[in-house]
Amino acid sequence: MAVLQVEKVSKWYGKHCALNEVSLEVPEKGIFGLLGPNGAGKTSLIRIINQITGPDSGRIFFRGEPLKPEHVNHIGYLPEERGLYRKMKVGEQCLYLARLKGLSSADAKARLKEWFERFEIGSWWDKKVEELSKGMAQKVQFITTVLHQPGFIILDEPFSGFDPINTNLIRKEIIRLKDEGASIMLSTHNMASVEEICSHIALINQSKVMLDGEIKEVRSRFKESIFELSFKGQMLSFTNALGTQFELLQHSSDADLRLARVKIKQGLTVNDLLQRAIPHVQIESVSEYIPSMNDIFIKVVEQPEEQMV
Amino acid sequence: MSKTGLVIQREYVSRVKKASFIVMTLLGPVLIAGLMSLGVYLGIKDSSVYNVLVVDLTPSIAADTSDTALRPLFMKRLKDTPQVKFSYTTRGMSNAEFDSSAYSLMLVLREDILSVPQAEMVFRSLPSLKARSYIKSQVEKVIEKEKLALHSIDPDTYQSIRTDLDIMQINASDGEASYQQEQAFVGFAFAVLIYFFIFLYGVQVMRGVMEEKSNRIVEVIISSVRPFQLMMGKIIGVALVGLTQFLLWVILSFILFSALSAFFIPDLMSAGGMAEGMQATQSVIEEQGKDAMNQATLTNIAELILFRINWPLMLGMFIFFFLGGYLLYASLFAAVGAAVDNETDTQQFMLPITIPLVFAFIVSEFALANPGGTSVLWFSIVPLTSPVVMMVRVAMGFEAGTLWQLYVGMAALIAGFLGAVWLAAKIYRVGILMYGKKVNYKELWKWLRFNT
């Protein structure tokens with residue numbers, strides 16, 4: 001079952017359409033990547049899911065039930081625009097935010113203690129937030145997002161502002177939370193981490209869903225009969241051997257090994273390519289090139305709408 | 001605890017714990033009680049002794065038939081008191097000479113003082129008002145007496161001619177003496193209090209909203225509570241801070257004032273009843289040679305403060321109009337805080353909120369001069385000005401058949417703050433999530449129509 005179903009949700013701000021009949025499903029116990037360029041409508045959608053604003057039309061179901069105010073206690077939200085009360089002490093602030101999510105004071109304290117130990121920040125409890133660095137404050141914010149053990153966690157650009165060490169720490173925590181059974185929605189521009197940790201994605205552009213599904217499936221959908229070959233021999237003789245049936249997209253040399261990325265024209269197979277090449281060079285390896293999320297993102301966003309399927 | 005309750009708690013506790021709140025709460029009464037006691041102290045107990053050198057430049061004449069020696073007009077004719085002692089000379093001193101002399105004041109009476117009633121008083125430190133008016137009245141008496149003699153008017157005749165008209169204001173409905181004017185002053189004091197409290201705490205609400213917006217914590221919070229709950233929690237939390245401060249001020253001021261008064265005017269406070277207290281005050285005043293006029297006024301004011309004003313109504317209405325006015329203005333202030341990104345942008349939106357408030361203050365000043373005016377009636381009913389203006393009217397009391405105006409004013413205020421809260425909530429929930437946009441009135445109007 002899906003943890004969240006969004007059905008034909010539209011949202012208008014005056015004459016500006018922020019979301020246009022957006023539908024998507026976030027599967028249970030996975031990491032769902034919500035992608036899209038700036039201004040595509042991601043934040044509008046996330047705010048609607050968090051019931052900060054309401055949709056103009058469409059419906060949203062949380063674990064099969066129509067979304068209602070009580071559900072906020074089961075959702076953890078780390079907004080892109082995030083901050084803390086600067087004059088408040090770290091501990092007090094975490095307690096306040098936890099209690100707003102419905103935790104009792106005693107429960108919140110016990111869980112905070114645990115998290116502070118795990119992040120090795122026990123000594124920060126009585127510090128004021130204004131004394132913390134940006135990265136430190138981000139850690140505190142991450143804790144307050146997940147402290148009430150929400151079944152569904154929405155993280156909007158969770159890695160921004162972290163150094164590589166802390167980015168890694170947060171990535172591990174996200175995976176740990178998923179392994180413990182939470183469903184996570186991740187909005188980020190960092191495509192490398194999308195490929196690494198997301199199981200599903202949806203790509204929103206100009207207030208519409210352009211693409212969604214399991215990440216492996218999406219990537220293979222964008223395969224274009226491009227193969228990567230490595231071989232020993234002359235690049236020039238390889239190029240000559242290709243003829244007009246094959247298009248050399250990219251090539252490079254590494255010591256005595258040559259690398260080439262070749263697009264095969266319609267109707268031909270990788271066998272045809274190999275038959276051409278084998279007489280001239282010694283093939284070391286051949287594999288199909290699967291486009292990265294980065295390629296797909298750029299392709300979808302830059303392509304005119306009508307060409308999309 | 002409900003989520004709104006948690007917000008109220010945070011707003012309240014974080015403000016009450018602030019050093020500035022504690023300092024203000026402690027210093028406020030010290031200042032108020034200090035000023036009040038100082039007033040009483042200066043008025044009743046001015047223990048300074050003034051040695052006045054009277055430089056009498058008037059020509060020597062035989063002023064009195066019983067006295068054969070020639071002497072100037074004022075010589076030995078000003079009455080000494082324990083605190084004001086006169087010495088006489090006919091030769092003036094330079095200011096420098098005076099400065100190094102033992103005298104505390106030098107009173108220079110010009111030669112033609114009978115025709116040009118002017119004199120100069122040279123001082124090192126400004127004498128008390130009481131000492132000045134005593135000296136003035138003494139000089140006047142001598143001049144008057146001299147003029148009476150010059151015109152051969154019998155002093156008794158003169159006294160019988162002198163008229164000091166005392167008009168009693170009698171209210172036709174109950175035939176009792178009216179002190180509306182004085183009562184209006186008491187009401188004005190409350191109006192000023194409401195005016196300041198609305199400003200002080202309304203701006204605090206605005207700052208709080210802006211802080212949450214510029215800290216970017218607001219989106220985290222409103223993923224747990226509704227924007228309306230957050231806004232109302234803040235407004236109510238700050239109101240409780242205001243009431244706490246007010247209550248502490250009243251209690252501390254009372255304790256301090258009692259302590260200071262007991263110390264400086266033991267007679268006045270030790271006596272149980274106010275009547276005895278008044279008598280004690282009278283004796284203090286008489287002893288000091290004050291005239292009967294002030295004494296009567298003082299009695300009237302005391303009576304006025306104690307009996308003329310309907311205190312339970314007054315305090316009840318104060319709480320009502322303070323809270324009503326505060327809720328109305330604070331929610332507007334909250335909307336302004338939500339609409340802007342930084343303090344400098346608040347100016348354009350602050351103006352339409354400040355103007356009615358300042359205007360209310362001005363109208364209530366008019367109400368002092370003309371309490372029954374039509375404008376006072378209307379502005380005591382209109383919600384934006386009623387919290388300030390109505391206080392003056394409540395203090396004066398309502399004539400038979402006009403009490404409905406109070407009820408209408410109260411109902412209008414309730415409707416007014418509900419309307420203001422509704423309006424503010426609409427702007428608030430859009431504004432808090434709007435960053436980096438220069439907001440104008442057109443934009444605000446658009447927000448009002450957003451569907452959220």
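Confidence in chain B of this predicted model is lowest in helix H10 (residues 274–287), where the mean pLDDT is 44, and highest in helix H1 (residues 3–16), where it reaches 93. For chain B as a whole, the average pLDDT is 81, and 82% of the residues score at least 70.

With that in mind, let us step back and look at chain B overall. Its secondary structure comes to 17 helices and six strands. Of the 452 residues in chain B, 44% are buried. The chain exposes about 23,600 Å², and 65% of this area is supplied by carbon and sulfur atoms. If you take the contacts in chain B between residues at least 6 apart in sequence, 73% of them join residues at least 24 apart.

Now find helix H15 of chain B, which covers residues 386–396. Eleven of its eleven residues are buried, so the helix is largely enclosed by the rest of the structure. The buried residues include B:Pro387, B:Met390 and B:Met391, and B:Arg393 is also among them. Just after H15(B) comes B:Gly397, which takes a positive phi of about 85°.

Another residue worth a visit is B:Lys213, which sits in helix H6 (residues 180–215) of chain B. Is this lysine buried or exposed? B:Lys213 has a relative accessible area of 2%, and because the cut-off for buried is under 20%, B:Lys213 counts as buried. A polar atom of its side chain lies 2.9 Å from the backbone oxygen of B:Ala338. Leaving aside residues up to four places away in sequence, B:Lys213 touches B:Gly337, B:Ala338, B:Ala339, B:Val340 and B:Asp341, among others. Its contacts also include B:Val218, as well as B:Gly431, B:Ile432, B:Met434 and B:Tyr435.

Finally, move over to chain A and its strand S6, residues 75–78. In a regular strand, the side chains alternate between the two faces of the sheet. In S6(A), A:Ile75 and A:Tyr77 point one way, while A:Gly76 and A:Leu78 point the other way. All four of these residues are buried. Strand S6(A) runs parallel to strand S7 (residues 152–156) of chain A, and four bridges join the two.

Terms used
Residues numbered from 1 in each chain as written. Chains lettered and ligands numbered in written order. Predicted model: local features only at pLDDT ≥ 70, side-chain atom pairs only at ≥ 80, totals over all residues. Heavy atoms only, no water. Buried < 20%, exposed > 50% of the residue type's maximum accessible area, 1.4 Å probe, protein only. Polar contact = N/O pair within 3.5 Å; in protein donor to acceptor, adjacent residues only side chain to side chain. Contact = heavy atoms within 4.5 Å. pLDDT = per-residue confidence, 0-100. Pairing = 2+ DSSP bridges. Areas by Shrake-Rupley, 256 points an atom, 1.4 Å probe, with all protein chains shown as cover.
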